[in-house]
Amino acid sequence: MKPFPPAGSTWTGGSPPAPFQYLEEKSMRSPSRRRFLANTTALAAAGSFSPLVFAQEKPLTIGMAGPPTTLDPHLQSNAPNNAVAMHIYDALVTNDAKSQSKPGLASSWRLIDDTTWEFTLNPKAVFSDGTPFTGEDAIASIKRVGVLTSVAPFTTYTRSIADMSVPEPGKLIIKTHQPDPLLLNSLSRIRIISKQYAQAPSADFNSGKAAIGTGPYLLKEYVPESRVVLVRNPRYWGPAPQFENVVLRIVTDPGARLAALLGGDCDLIETVPSEGIARVQQSGNKHIIRGVSSRMVYMAMDEGRDVTPYATDKSGKPLPRNPFKDERVRLAFAKAINRDLIVSRVMSGNAVLADQYVQPGTFGASTRIKPVAYDPKGAKALLAQAGYPDGFKLTIHSSNNRYINDAAIAQAVAQFLTRIGIESTVDVMPWSVYAPHLSKGEYSFMLGSWGTNTGETSNPLLATAVSFDAKAGTGASNYGRYSNPELDKLVLEAKSTMDDKKREAMLAQACDMVFDHNVLLPLHNEVLVLAARKGINYETRVDQYTLAMGVTKA
């Protein structure tokens, strides 16, 4: 590889140094920041890319609410990361807008026996560098998930896999430790990279050096906290997306995001602030796009430590015991929160009340669970019974740019708790700062969220309620470190039960255990509210991902 030119110089022509090229970033935030231009060699060879300018078509610019924390598709599982990765990489199985499993890099599959799956691989798929996709690439990608150190690992989706093999070209065999009815959905979460980059560090994916996928777009540029620039992959095996050039512009401030749309700087924006909906509708050349999501927003509590760090007495001294280990305190908090008011005022009606992970009628939903009614008087009585007649002090932690109105929700919860004697303050921060501490279980009372994109409740149960076990890949989002061996056994048994009727009953029973005992305090399901310029349409997804491939011209 050729050495970098001296700082301050700019590459202006000729063959770019493989495998990526950069320009010096001239920005107020970081004058010395380099922006990386990925896959230039492959694009130039395809005759479709000039490294300094876009093609003639004006790029589709999408205003994204949440910033990706990495472009390594296997490092950290969260919605912003996964959504960006879907542009560049494919999975063996694809989830459609309704989270139904569809063929991806596997064109078909069959169950040989309860623990053996045979996949027929897509013969048209090639990597963006021209290398054919093979079963060995899939195996290397799945194995890579298990060796990366991550605060939000993908191992929950690979933990059931016992063995993988390629019996012949175009075939892949996956054996599981036990029957796994959700294997297809789990495989939809694992992006397939070229096996030659299986040992590559995450920095090589962020720079573009290792960002070699089979997806509809190629990575052209990544500036953390600012933008991801993509260009259509000329070697993509599927239908070509309508837009050749795409800019995923990171605009975490809702007001700034709305202004970018109204000012013409963005063609489509995520998470329209409620106060901006009327402005969009009155603009004459913009329109609102809505869709109900599978994302439940909730409050989580530290239920693992004997003493929790952010709950103190009124003088500021640590409490001698963790109040959230007392079920009466958890129920008191549930009674103290006016969820109807959060939906109507904070969310401006763009949410639906939640009392468990999923809405009624979803596979594995309980029919027994009833919403906890708003009852501040009853909440005070429960606190007194638990030994806190005068309440205590509490710091509530939350992101301020990840979920719809996340900071405002945390502030509202603090006000409700203060009314029952819990003197609450709120500490909000960007998702990129919040997420690592949240995943490590460092907080006492915190805002969380989970999108149930599998179509059944085993996925959120395994992630948020089953005991945290980094090696087993369970409880990765169990922020309060709740642990109940009985629940663990029930969920793990359900996960390997192929009989749908039996599995659904077991999952419903597990949901009863979580929500009857207020392990989590559900608030609402988000309603997606996007906005676009006239002439642009978008099919919303229950997983809330905003994908350039789903944007169409009217």
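Colleague: A crossing of helices counts as left-handed if the near helix is turned anticlockwise from the far one by less than a right angle, and as right-handed if it is turned clockwise. With that settled, what is the hand of the crossing of α14 and α15?

Modeller: Helices α14 and α15 cross in a left-handed way. Keep in mind that this is a predicted model.

Colleague: Noted! At what angle do α14 and α15 pack, and how far apart are their axes?

Modeller: The angle is about 155°, and the axes are 9 Å apart. Angles over 145 degrees count as roughly antiparallel, so α14 and α15 are roughly antiparallel to each other.

Colleague: Which residues make the contact?

Modeller: On the α14 side they are E486, L487, L490, V491, E493 and A494, and α15 brings R503, M506, L507, Q509, A510, M513 and V514.

Colleague: Let me zoom out for a second. How many helices and strands are there in the protein?

Modeller: The protein has 15 helices and 22 strands. It has 554 residues, and buried ones make up 58% of them.

Colleague: What share of the contacts join residues at least 24 apart?

Modeller: That share is 67%, taken among contacts between residues at least 6 apart in sequence.

Colleague: Switching to charges. How many salt bridges do you count?

Modeller: The count comes to 19 salt bridges. One of them joins the side chains of D180 and K495, at 3.5 Å from N to O. D180 sits in the loop between β9 and α4, while K495 belongs to helix α14, so this pair ties together parts that are 315 residues apart in sequence.

Colleague: Are D180 and K495 buried or exposed?

Modeller: Both D180 and K495 are buried.

Colleague: Is R368 buried or exposed?

Modeller: R368 counts as exposed because its relative accessibility is 52%, and the cut-off for exposed is over 50%.

Colleague: What about D326, which residue does it form a salt bridge with?

Modeller: D326 pairs with R328, and their closest N and O atoms are 2.8 Å apart. D326 is buried, with a relative accessible area of 18%, whereas R328 counts as partly exposed at 34%.

Colleague: Which residues are linked in a network of salt bridges?

Modeller: That network links K58, D267 and R533.

Colleague: Now α9 and α11. What is the hand of their crossing?

Modeller: The crossing of α9 and α11 is right-handed. The axes come within 11 Å and cross at roughly 140°, which makes α9 oblique to α11. L341, I342 and V346 of α9 meet A408, I409, A412, V413 and F416 of α11.

Colleague: Where does R419 lie?

Modeller: R419 lies in the loop between α11 and β18. Leaving aside neighbours within four places in sequence, R419 is in contact with Y374 and K380. The C-alpha atoms of R419 and I337 are 9.9 Å apart, and these residues are 82 apart in sequence.

Colleague: Last one, T158. Where does T158 lie, and what does it touch?

Modeller: T158 is in the loop between α3 and β8. At 12% relative accessibility T158 counts as buried. Not counting residues up to four places away in sequence, T158 touches I142, V145 and I190.

Methods
Residues numbered from 1 in each chain as written. Predicted model: local features only at pLDDT ≥ 70, side-chain atom pairs only at ≥ 80, totals over all residues. Heavy atoms only, no water. Salt bridge = Lys/Arg side-chain N within 4 Å of Asp/Glu carboxyl O. Helix = DSSP H or I, 4+ residues; strand = E, 2+ residues; numbered from the N terminus. Buried < 20%, exposed > 50% of the residue type's maximum accessible area, 1.4 Å probe, protein only. Contact = heavy atoms within 4.5 Å. Axes fitted to C-alpha atoms, helices over the stretch in contact; angles between N-to-C directions. Parallel < 35°, antiparallel > 145°, perpendicular 65-115°, else oblique.
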